[in-house]
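Trainee: I am new to this structure and would like a guided tour. Could we begin with how helices cross and then move to other topics?

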Amino acid sequence: MFENNERVQRALLVGIDTGEYDAESSMNELYELTESAGAEPVMSLIQKRDKPDGATCVGSGRIEEIKELCVQHEIDFLVFDTELTPTQIRNIETATDVRTIDRTMLILDIFAIRAKTNEGKLQVELAQLKYLMPRLSGKGKEMSRLGGGVGTRGPGETKLETDRRHIRRRIEYLKESLEEMAGRRNRHRERRKKTGVITVAIVGYTNAGKSTLMNTLTQAGVLSENKLFATLDPTSRALELPSGVSVMLIDTVGLVRRLPHHLVEAFKSTLEEAADADIILNVCDASSEEYRLHLDVTTSLLRELGCEDKPILPVYNKCDLVADQNDIPHESGSIRISAKSGVGINALLKAVDDHLPVKLRHFRLLVPFDKASLIATLRNNGALRSEEYTAEGILCEALAEEPLWHLLTPFETKE
């Protein structure tokens, strides 16, 4: 919502259908994005065109119609479901006298709302400045009426009105700061690898229920709302599998179709967590009519990140909302769940167990004192979890890889 108790801003959504993608579905998503930004999408219109008009995207005739609709419905701003050039924004605003943003600016605005960590905030500011840099020329009148509201959060009006050299310096500073943070994160990852920590990343389309799944599995308390981009910063929590193996579960930012490449670049850190994971859970909303497209969007991005050789498990969430269960695919390796009700969670955990990069097994052992060298072997292999000296021998617990199993099996105990 907006500061200073302002009324909810009213938006008119504008799209063009050139046949390159499903314009109707994209507009439905733009509707949800606008709501996630805290505004009210009052109405929308789509114009069929061979290509966007160079001056106003939709042409002078449609701009006149939009101007009239803005007056009739008290529209505060326009959202175009495509990326606009600085010239198009200036021409549209001049013709309609209504503030205009495009899809990318709207997504950036939501990012600015959702970012909670210092790194997330820096990434948002960097993405906004890089996007707005070429749009700063001739912004006198337009900037003076920006005020607050959707499309203006983040760096702030004063920063955007400063000269280009200052903005370039700021961009360089942000890049350096993020590189330092990335270095620390890489060191953490290396440390996890050295200590044998196995990571499982939850990825998928935005609003697929990833945060709800994270909460169900680990009681992490991650923000879980029915909004696009409810989670922006990566969250990591420990999760113990049925086998006794502990893994690090990572929640990542959701994806949308036609996410501009520089936005993917700006939030690479959250995606790198997924790319570096040992197992990836590709979660989709099974109740959505476009679940297949959502899975494909995520799979395509994972391929770009070089994840083809990792186990990627398709997870169909919200299955309890699907009337006919036969409508949900039964493809090999997929898991059906309801993160909200807990249905299918055990099957999901077993699937993760089955795809661990190494075969691990939990042992409870009573080792005779004359076999104490076995304890040293476990310790050297990082497999020893606890040990206690008793009158009968050394009582210990171990999480061991397959090559050690034959040594440990004779000393298993249920006590």
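Mentor: Let us begin with a term: a crossing is left-handed if the near helix is turned anticlockwise from the far one by less than a right angle, and right-handed if clockwise. Please also keep in mind that this is a predicted model.

Trainee: Which hand does the crossing of α1 and α4 have?

Mentor: The crossing in which α1 passes α4 is left-handed. The two helices pack at an angle of about 35°, and their axes are 10 Å apart.

Trainee: Which residues meet there, α1 to α4?

Mentor: From α1 come Ser-26, Glu-29, Leu-30, Leu-33, Thr-34 and Ser-36. They meet Arg-103, Leu-106, Ile-107, Ile-110, Ile-113 and Arg-114 in α4. By class, the contact of α1 with α4 has six nonpolar, three polar and three charged residues.

Trainee: And α2 with α3, at what angle do their axes cross?

Mentor: The axes of α2, residues 60-72, and α3, residues 86-96, cross at roughly 50° and come within 9 Å. That angle makes α2 oblique to α3. The crossing of α2 and α3 is right-handed.

Trainee: What residues of α2 and α3 meet?

Mentor: Ile-63, Ile-66 and Lys-67 in α2 meet Ile-92, Ala-95 and Thr-96 in α3. The contact of α2 with α3 has four nonpolar, one polar and one charged residues by class.

Trainee: Let us step back to the whole chain. How many helices and strands are there?

Mentor: The protein chain has 15 helices and 13 strands. It consists of 415 residues, of which 50% count as buried. Among its contacts with a separation of 6 or more, 68% are between residues 24 or more positions apart.

Trainee: How many residues are in the largest nonpolar core?

Mentor: The largest nonpolar core has 41 residues. Leu-12, Ile-66, Leu-78, Val-79 and Phe-80 are those with the most contacts inside it. Two or more residues each come from β1 (10-17), α1 (23-36), α2, β3 (77-80), α3, α4 (103-114) and α5 (118-132).

Trainee: Which of those elements gives the most to this core?

Mentor: It is α4, with six residues.

Trainee: What does Leu-12 touch?

Mentor: Not counting residues up to four places away in sequence, Leu-12 touches Met-43, Leu-45, Leu-69, Cys-70, Ile-75, Phe-77, Leu-78 and Val-79. There is also a second, separate core of 28 residues, and it includes Ala-208, Leu-239, Val-247 and Leu-249.

Trainee: Now some loops. Where does Thr-82 lie?

Mentor: Thr-82 lies in the loop between β3 and α3. Its relative accessible area is 17%, so it is buried. Leaving aside neighbours within four places in sequence, Thr-82 is in contact with Cys-57, Asp-102, Arg-103 and Arg-258.

Trainee: Is Glu-74 buried or exposed?

Mentor: Glu-74 counts as exposed because its relative accessibility is 57%. This residue lies in the loop between α2 and β3. Its phi is positive, about 50°, although Glu-74 is not a glycine.

Trainee: What about the phi of Asp-97?

Mentor: Asp-97 has a positive phi of about 60°, although it is not a glycine. Asp-97 is placed in the loop between α3 and β4 (99-102), and at 53% relative accessibility it counts as exposed.

Trainee: Where is Tyr-205 found?

Mentor: Tyr-205 is found in the loop between β5 (198-204) and α9 (210-218). With 3% relative accessibility, Tyr-205 counts as buried. Tyr-205 and Leu-255 are 50 residues apart along the chain, and their C-alpha atoms are separated by 4.5 Å.

Trainee: One last residue. Which strand holds Ala-398?

Mentor: Ala-398 is in strand β13, residues 394-401. The relative accessibility of Ala-398 is 0%, so it counts as buried.

Trainee: How far apart are Ala-398 and His-362 in space?

Mentor: Their separation is 5.9 Å from C-alpha to C-alpha, while in sequence Ala-398 and His-362 are 36 residues apart. Leaving aside neighbours within four places in sequence, Ala-398 is in contact with Arg-361, His-362, Phe-363, Leu-378, Ala-383 and Arg-385.

Note on methods
Residues numbered from 1 in each chain as written. Predicted model: local features only at pLDDT ≥ 70, side-chain atom pairs only at ≥ 80, totals over all residues. Heavy atoms only, no water. Axes fitted to C-alpha atoms, helices over the stretch in contact; angles between N-to-C directions. Helix = DSSP H or I, 4+ residues; strand = E, 2+ residues; numbered from the N terminus. Parallel < 35°, antiparallel > 145°, perpendicular 65-115°, else oblique. Contact = heavy atoms within 4.5 Å. Nonpolar A, V, L, I, M, F, W, Y, C, P; charged D, E, K, R; others polar. Core = buried A, V, L, I, M, F, W, Y, C linked by side-chain atoms within 4.5 Å. Buried < 20%, exposed > 50% of the residue type's maximum accessible area, 1.4 Å probe, protein only.
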